[in-house]
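Let's take a friendly walk through this model together, from its sheet to its helices and the side-chain pairs that link them. Have a look first, and then read on.

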Amino acid sequence: MRLIKLLVPDADLSAVLDVLDRENVDFVVTKDAHKEDDASVVEFPLPTQAVGYVLGELRDAGLDDDEYTVVTSVETAKTSHFHELEDRFVAGDDEDDSVAREEIRAKALGMHRGAVTYYSMTMFSAIVAAAGLLLDSPAVVVGSMVIAPQVGS
């Protein structure tokens, strides 16, 4: 289950709320009274499988979600229409195993190795390759290629 938070310009707010109403998504709109930026924050829970579809519908309605979009994991959500969304996207007609591109990007960035790990694995691979050459062992040289981060995924 995911909680989506969007910063929506007031000019686009009615179109965004129309999409959420059409999809039976329960939402909360908050306006910061201290700021004069003419935007509101819209929050709504969704089943994980529905995130890509609903964000796509919001993009089609004209929302620029690159400005401020937060997608977080949630333990539980109780809203009046959430069970309908679960029936529809998790076990119903729109059943799908897709993952939103925002989640894929966040996972990929989280898997990024640091520079210290990269260079230490490169050095270790070079040492193993040199040992394989000195021992005249093709298996050890191939093993060094497995260690090398340059050929990893």
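This is a predicted model: local features need pLDDT of at least 70, side-chain atom pairs count only at pLDDT 80 or more; totals for chains, interfaces and linings use all residues.

Residues are numbered from 1 along each chain as its sequence is written, and side-chain values use heavy atoms, with hydrogens and water left out.

Which side chain does aspartate 10 meet in a salt bridge? The partner is lysine 31, at 3.0 Å from N to O; a salt bridge here is a side-chain nitrogen of Lys or Arg within 4 Å of a carboxyl oxygen of Asp or Glu. Because aspartate 10 belongs to helix α1 (residues 10-22) and lysine 31 to strand β2 (residues 28-31), the pair ties together parts that are 21 residues apart in sequence. Helices (H or I, at least four residues) and strands (E, at least two) are DSSP runs, numbered from the N terminus. Lysine 31 is partly exposed too, at 44%.

The structure holds 2 salt bridges, and one of them joins arginine 22 to glutamate 57, with the closest N and O atoms 3.4 Å apart. Arginine 22 sits in α1 and glutamate 57 in helix α2 (residues 51-60), so this pair ties together parts that are 35 residues apart in sequence. Arginine 22 is exposed, with a relative accessible area of 53%.

Now to the sheet, which is open, has 4 strands in the order β2-β3-β1-β4, and pairs them antiparallel; two strands pair if DSSP finds at least two bridges between them. β2 and β4 (69-73) each have a single partner strand, so one side of each is left without a neighbour in the sheet. Within the sheet, 8 bridges join β1 (residues 2-9) to β3 (residues 39-46), and proline 9 has alanine 39 in β3 as its bridge partner.

Finally, turn to helix α5 (residues 115-134), where Ser125, Val128, Ala129 and Gly132 are buried. Seen down the axis, the buried residues of α5 fall within an arc of 100°, so they line one face of the helix; the arc is that of the directions from the helix axis to the C-beta atoms. On the other side of α5, the exposed residues are Val116, Tyr119, Met123, Ile127 and Leu134. Just after α5, aspartate 136 takes a positive phi of about 55°.

Terms used: Buried means under 20% relative accessible area, exposed over 50%, partly exposed in between (1.4 Å probe, protein chains only).
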